[in-house]
Amino acid sequence: MSCEVRASLAIRERGIRVTQPRLAVLAALMHAGGHVTAKDGVQQVTEEAPALPPSSVYRSLSALRDAHLVAETLMANGERIYEAAVEG
């Protein structure tokens, strides 16, 4: 099963709407298999889906974090890193 399919199922299971930005962000994090900075996540997602503005990626990170699909960690230097909280 692909990361996109698993991401779509995970989003649906949490009861939030599956949108193209949310799906792209969660699939990218699942595929990364580890921690990703917000900046690197935006770059990765916009390379795969150039039509997505960075603001949509950041909003999706927040929505996925609130749904407990993404773990967010604040580093000592103030940078936030993200990791998929579901199996990839």
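## Packing of H2 against H4

In this predicted model, helix H2, which spans residues 20-32, packs with helix H4, formed by residues 54-66, at an angle of about 75°, and the axes of the two helices lie 9 Å apart. Because angles of 65 to 115 degrees count as roughly perpendicular, H2 is described as roughly perpendicular to H4.

On the H2 side, the contact is made by Pro21, Arg22, Val25, Leu26 and Leu29, and these meet Ser56, Val57, Ser60, Leu61, Ala63 and Leu64 of H4. Sorted by class, the residues in this contact between H2 and H4 are eight nonpolar, two polar and one charged.

## The largest pocket

The largest pocket has a computed volume of about 220 Å³. Its lining is made up of Cys3, Glu4, Gln20, Leu23, Ala24, Ala27, Ala28, His31, Gln44, Val45, Glu48 and Ala49. Helix H1 (3-13), H2 and helix H3 (38-48) are the elements that contribute two or more residues to this lining.

Which element gives the most to the lining of the largest pocket? That element is H2, with six residues. In terms of class, the residues lining the largest pocket divide into seven nonpolar, three polar and two charged.

## The cavity

The residues that line the largest cavity are Val25, Ala28, Leu29, Gly41, Val42, Gln44, Val45, Val57 and Leu61.

At least two residues of the lining of the largest cavity are supplied by each of H2, H3 and H4, with the largest share, four residues, coming from H3. By class, the lining of the largest cavity comprises seven nonpolar and two polar residues, and no charged ones.

## Overall architecture and dimensions

The helices discussed here belong to a protein chain that has four helices and three strands, and these elements follow the pattern α-α-β-α-α-β-β when read along the sequence.

As for overall dimensions, the C-alpha atoms of the protein chain fill a box of roughly 35 × 25 × 20 Å, taken along the principal axes. The radius of gyration of the protein chain is 12 Å, which agrees with the value near 12 Å that a compact globule with 88 residues would have.

Terms used:
Residues numbered from 1 in each chain as written. Predicted model: local features only at pLDDT ≥ 70, side-chain atom pairs only at ≥ 80, totals over all residues. Heavy atoms only, no water. Axes fitted to C-alpha atoms, helices over the stretch in contact; angles between N-to-C directions. Parallel < 35°, antiparallel > 145°, perpendicular 65-115°, else oblique. Contact = heavy atoms within 4.5 Å. Nonpolar A, V, L, I, M, F, W, Y, C, P; charged D, E, K, R; others polar. 1 Å grid on protein atoms, 1.4 Å probe; cavity = no way out; pocket = protein on both sides within 12 Å on 5 of 7 lines; lining within 4 Å. Points joined across faces, edges and corners; volume = space filled by probe spheres on them. Rg over C-alpha atoms; globule rule 2.2 N^0.38 Å.
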